[in-house]
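Have a look at the model first, then read on.

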Amino acid sequence: MGASIAQAQSTDPGTQARLDATKRVDSKFIRANGAGKTADWPSYGLDYSEARFSKLDQVNAGNVKQLGLAWTYNLESTRGVEATPLVVDGIMYVTATWSVVHAIDTRTGQKLWTFDPKVDKTKAYKGCCDAVNRGVAMYEGKIFLGAFDGRLIAIDAATGKMVWEKNTVEGQKGNYTITGAPRVIKGKVVIGNSGADFGVRGFVTAYDAKTGAQKWRWFVVPGDPSKPFEDASMAKAAKTWDPSAKYWEHGGGGTAWDSITYDPDLNLMYVGTGNGSPWSHKARSPKGGDNLYLASIVALNPDTGKYVWHYQETPGDNWDYTSTQPMILTDLKIDGKQRKVILHAPKNGFFFVIDRTNGKFISAKNFTEVNWASGYDKNGRPIDIPGARDGSKPRDSIPGPYGGHNWHSMSFNPQTGLAYIPQQNIPLNIMDDKTWKFNEAAPGRPQSGTGWNTAELLNVEQPKSKPSGRLVAWDPIAQKEAWGVEHVGPGSGGTLTTAGNLVFQGTVDGRLVAYNAKTGEKLWDSPVGTGVLAAPVTYMVDGKQYVSVAVGWGGNFGMVQRYTDQQAPGTVYTFAVGGTAKVPDYVQKKVDKLVAGVKYDPAKVQAGTLLYVANCLACHGVPAVDRGGAIPNLAYLDAAYIENLDKFILKGPATDRGMPDFTGKLSMGDIDAIKAFIQGTADAVRPSMAK
Ligand SMILES: O=C(O)c1cc(C(=O)O)c2c(n1)C(=O)C(=O)c1cc(C(=O)O)[nH]c1-2
């Protein structure tokens with residue numbers, strides 16, 4: 001396998017000292033980051049609890065409007081960028097597509113080194129969802145990378161040179177990849193893998209951070225029951241699978257491809273597990289059964305990898321409802337009692353509050369449209385909606401396989417008591433493939449592990465429920481939405497929340513936005529060239545607070561859908577109060593043509609968003625962000641057109657070119673709101689474009 005490539009080591013002693021600061025990062029350091037008001041972002045979700053709540057408040061709801069661009073950094077990639085950057089002592093470690101690591105000096109935005117693991121790009125088909133990577137871990141001077149091809153690589157944080165590498169999937173059958181970020185717990189690097197859509201058996205492995213020696217491995221689903229089970233948890237799980245379909249031959253799935261958290265006081269780590277392989281419950285386990293430990297939260301002892309408890313969120317998964325979505329550990333007062341809980345919003349559309357000491361169910365409520373279960377009983381079992389498991393004919397799956405929430409990081413702010421969920425609705429009409437037989441995935445037949453019928457699907461009706469995406473602020477105690485903001489479509493990025501009463505989120509239409517964490521009021525936004533998937537981070541350097549986000553459109557939804565210029569290269573955008581840097585040329589180019597001067601009421605922008613999405617988006621694209629094709633992007637028209645929009649919308653001159661007549665469908669008030677959305681979006685993206 002490939003060798004490391006290191007470049008441009010710093011000669012500046014100050015920078016070298018900062019690079020060496022990662023030597024201080026151990027389990028206590030990572031933990032303290034959640035407890036203290038610290039300057040760094042040393043672990044994927046900030047600290048082990050992964051709440052992505054920063055105590056920094058120099059940037060706050062009062063001054064966030066003054067945020068300006070400090071620098072941009074070109075990641076030189078063209079596909080999905082999903083990484084949460086880590087920052088310690090002002091040095092950022094971030095990954096781009098194809099698992100390439102970049103070390104950047106955040107004081108200048110300059111490259112310190114890059115590390116390219118030289119993943120074989122002809123093997124991209126082995127991954128379901130783009131050649132993405134969600135970021136690195138750091139520990140005692142090393143950076144740990146899970147490479148797309150299944151290697152775990154330790155890199156010297158100061159030099160960018162490889163220290164050791166292990167092939168974590170050696171000897172395993174099937175198309176394994178890694179896209180998730182490793183975590184380091186008490187000197188052990190923990191990593192899962194991906195591939196449950198292609199017929200693999202999921203597992204989690206721990207390696208010694210110093211040497212790379214394997215310490216333990218825990219499988220998510222049982223292997224061949226005629227052979228000895230690896231441990232007692234596998235024997236217990238096997239009782240919940242029907243062996244008649246030989247689940248071990250197609251792996252069974254359950255890949256832990258994203259979420260791992262850790263509670264140092266309980267000494268428990270929590271793993272979110274994936275979907276069944278194949279998706280169809282009937283094809284996988286014809287006589288039914290819960291199929292442990294698919295779609296579950298599993299608690300393990302991080303020293304030994306031994307199973308401690310599990311809670312299964314989707315028993316007998318039938319819909320690709322992974323529970324790999326990010327978990328948050330926090331303490332909540334519920335019915336007068338302080339409880340140590342896990343907050344979780346998996347793909348299946350329900351928001352869970354679970355007791356993390358013992359895995360007991362506390363509550364669950366749907367945060368998005370759901371048509372497979374009506375709720376959960378007091379024991380934490382879902383109440384199935386009749387017919388939801390019947391794959392004999394096409395049925396709208398809501399949430400669809402993209403999930404009501406996917407890996408896009410959720411955050412939780414203890415000051416507001418709210419969790420900020422990148423919610424989405426992407427219904428899909430699916431049914432079982434009655435002829436399904438396991439066939440190891442190959443280029444051109446990548447979905448052979450799913451057991452759903454693509455040929456029939458091409459002929460079925462579009463789901464009635466329409467795709468949409470929102471930022472949802474969720475109260476986990478009351479189990480209800482506190483506020484929500486509508487986006488132009490599904491797929492917006494992860495969230496960050498801060499003690500400055502702020503929530504940051506990047507959007508599918510290519511902006512980084514700051515909201516008031518209590519109320520949801522939009523306070524600031526700035527264009528970032530292309531749609532955002534990853535979560536922003538915040539940190540202090542030389543007494544100044546920065547906010548950074550790595551952008552690059554792609555991922556599973558982004559491979560087939562776009563709202564923005566998908567040609568824009570992967571880029572890290574970094575903002576600070578008073579920042580005056582220029583946006584890259586590929587954003588700058590578009591600014592001169594933006595519509596200007598149309599009078600509008602900002603209070604109507606939100607209503608206008610919904611009206612625009614329902615009536616205009618399909619042909620005209622997202623204002624300002626798409627360039628427009630055969631049909632114009634309305635934010636690049638002269639102001640006179642927008643001012644007179646009613647004349648185009650109601651019996652307009654373009655009807656003979658295919659423009660519908662909206663007479664009787666849109667009122668003058670509706671049209672005013674649409675104008676507000678178009679001009680409001682143009683105004684929102686202009687300020688930093690115009691510098
Ligand atoms: O079953 C798996 O192993 C697996 C892996 C991944 C991945 O590695 O990114 C995704 C999924 N499943 C998945 O179901 C999914 O919706 C998804 C979205 C994305 C993405 O990066 O946008 N990855 C994945």
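1. Start with Tyr641, which is partly exposed at 39% relative accessibility (buried means under 20% relative accessible area, exposed over 50%, partly exposed in between, with a 1.4 Å probe and protein chains only). Its ring pairs with that of Phe648 in a tilted arrangement, 5.5 Å centre to centre and 50° between the planes. Phe648 is partly exposed as well, with a relative accessible area of 25%.

2. A word on the basis: this is a predicted model, where local features need pLDDT of at least 70 and side-chain atom pairs count only at pLDDT 80 or more, while totals for chains, interfaces and linings use all residues. Residues are numbered from 1 along each chain as its sequence is written, and side-chain values use heavy atoms, leaving out hydrogens and water.

3. Ring pairs are Phe, Tyr and Trp rings (six-membered ring for Trp) with centres within 6.5 Å; planes under 30 degrees apart are stacked, over 60 edge-to-face, the rest tilted. The count comes to 29 aromatic pairs. One of them joins Trp319 and Trp372, tilted, at 5.1 Å centre to centre and 45° between the planes. Both sit in loops, so the pair ties together parts 53 residues apart in sequence. Trp319 is buried at 3% relative accessible area, and Trp372 is buried at 0%.

4. Trp319 and Trp372 also belong to one aromatic cluster, whose members include Tyr311, Phe350 and Tyr376.

5. Look at Arg201 too: its charged end sits over the ring of Phe219, 3.8 Å from the centre (the rule: NZ of Lys or CZ of Arg within 6 Å of the ring centre and within 35 degrees of the ring normal).

Note on methods: Helices (H or I, at least four residues) and strands (E, at least two) are DSSP runs, numbered from the N terminus.
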